[in-house]
Amino acid sequence: MSLAHERDNTQAVTDHDSTAFTPSLVSISIRDPLVLQRCYLPFFLRGGLFIPCDRPYRLQQRLFLIVKLPALPDAPDTVTTHGGSVTVAWLTPAQAQGNKRMGIGVHFDAGEADLKHSIESLLNALL
């Protein structure tokens, strides 16, 4: 799978839940259009992505996502990068049934229509 994932600026919550995290930034790079197709979540109203990760997140946790999308075949030097707010909409835990990869499904926030449009346009052009 050609998907790179980074997580920056993580701070532990110190009040009541010492196992929870408050990440402020999640960055992914999707180099392969087929990976983008598998990770894209079109059934979310505003679109979303599945992000493989090994860190704990909470449902409805808000994150800032930076995503680098694959280039079009006719313009291989024009990789696009988008940033925007997302909300964790589902969790796939470690050791999930069917050997599913641990990760989160994020739902794009209302102001992130450009990201959904870019992903769908890219998928239409590539596949």
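This is a predicted model: local features need pLDDT of at least 70, side-chain atom pairs count only at pLDDT 80 or more; totals for chains, interfaces and linings use all residues.
Helices and strands here are DSSP runs, numbered from the N terminus, a helix having at least four residues and a strand at least two. In these terms Gln60 belongs to the loop between β3 and β4.

**The chain as a whole**

The protein chain contains two helices and six strands, and their order along the sequence is β-β-α-β-β-β-β-α. Among contacts between residues at least 6 apart in sequence, 62% join residues at least 24 apart.

**Helix α2 and its cover**

Helix α2 takes in residues 113–126, and its 14 residues should span 20 Å at 1.5 Å a residue, which agrees with the 20 Å that separates its end C-alpha atoms. Which residues of α2 are buried? They are Leu115, Ile119, Leu122, Leu123 and Leu126. These residues lie on the same side of α2, because they cover an arc of only 95° around the axis. On the face of α2 turned away from this buried side are the exposed residues Ala113, Asp114, His117, Asn124 and Ala125. The cover over the buried residues of α2 includes helix α1 (33–39) together with the strands β3 (48–52), β4 (62–69), β5 (80–92) and β6 (103–108).

Lys116 is also found in helix α2, and with a relative accessibility of 22% Lys116 counts as partly exposed. Leaving aside neighbours within four places in sequence, Lys116 is in contact with Tyr40, Leu45, Arg46, Gly47 and Phe108. Between Lys116 and Leu41 there are 9.7 Å in space, C-alpha to C-alpha, although the two residues are 75 residues apart in sequence.

**Strands β3 and β4**

In a regular strand the side chains alternate between the two faces of the sheet. Strand β4 has a covered face made up of Leu63, Leu65, Val67 and Leu69, and an uncovered face with Arg62, Phe64, Ile66 and Lys68. Strand β3, in turn, has both faces covered, with Gly48, Phe50 and Pro52 buried on one side and Leu49 and Ile51 buried on the other. Five of the five residues of β3 are thus buried.

Strand β4 runs antiparallel to β5, and eight bridges join the two; at one place along them, Ile66 has Gly83 of β5 as its bridge partner. Strand β3 pairs with β6 in the antiparallel sense over five bridges, and Gly48 stands opposite His107 in β6.

**Aromatic rings**

The count of aromatic pairs comes to four. Two of them are set out in the table.

| Aromatic pair | Centre to centre | Angle between planes | Arrangement |
|---|---|---|---|
| Phe43 and Phe44 | 5.1 Å | 70° | edge-to-face |
| Phe44 and Trp90 | 6.0 Å | 65° | edge-to-face |

Both angles fall in the class called edge-to-face because planes over 60 degrees apart are counted in this way.

Is Phe43 buried or exposed? Phe43 is exposed, with a relative accessible area of 57%, whereas Phe44 is buried, at a relative accessible area of 14%. Trp90 counts as partly exposed, with a relative accessibility of 27%. Ring pairs link Phe43, Phe44, Phe50 and Trp90 into a cluster, and Phe50 is also one of the buried residues of β3.

**Back to Gln60**

Where does Gln60 lie? Gln60 is found in the loop between β3 and β4. The phi angle of Gln60 is near 70°, which is a positive value in a residue other than glycine. With a relative accessible area of 67%, Gln60 is exposed, because residues over 50% are counted as such.

Methods. Residues are numbered from 1 along each chain as its sequence is written. Side-chain values use heavy atoms; hydrogens and water are left out. The expected span of a helix is 1.5 Å times one less than its number of residues. Buried means under 20% relative accessible area, exposed over 50%, partly exposed in between (1.4 Å probe, protein chains only). The arc is that of the directions from the helix axis to the C-beta atoms. Contact means heavy atoms within 4.5 Å. Two strands pair if DSSP finds at least two bridges between them. Rings of Phe, Tyr and Trp (its six-membered ring) pair if their centres lie within 6.5 Å; planes under 30 degrees apart count as stacked, over 60 as edge-to-face and the rest as tilted.
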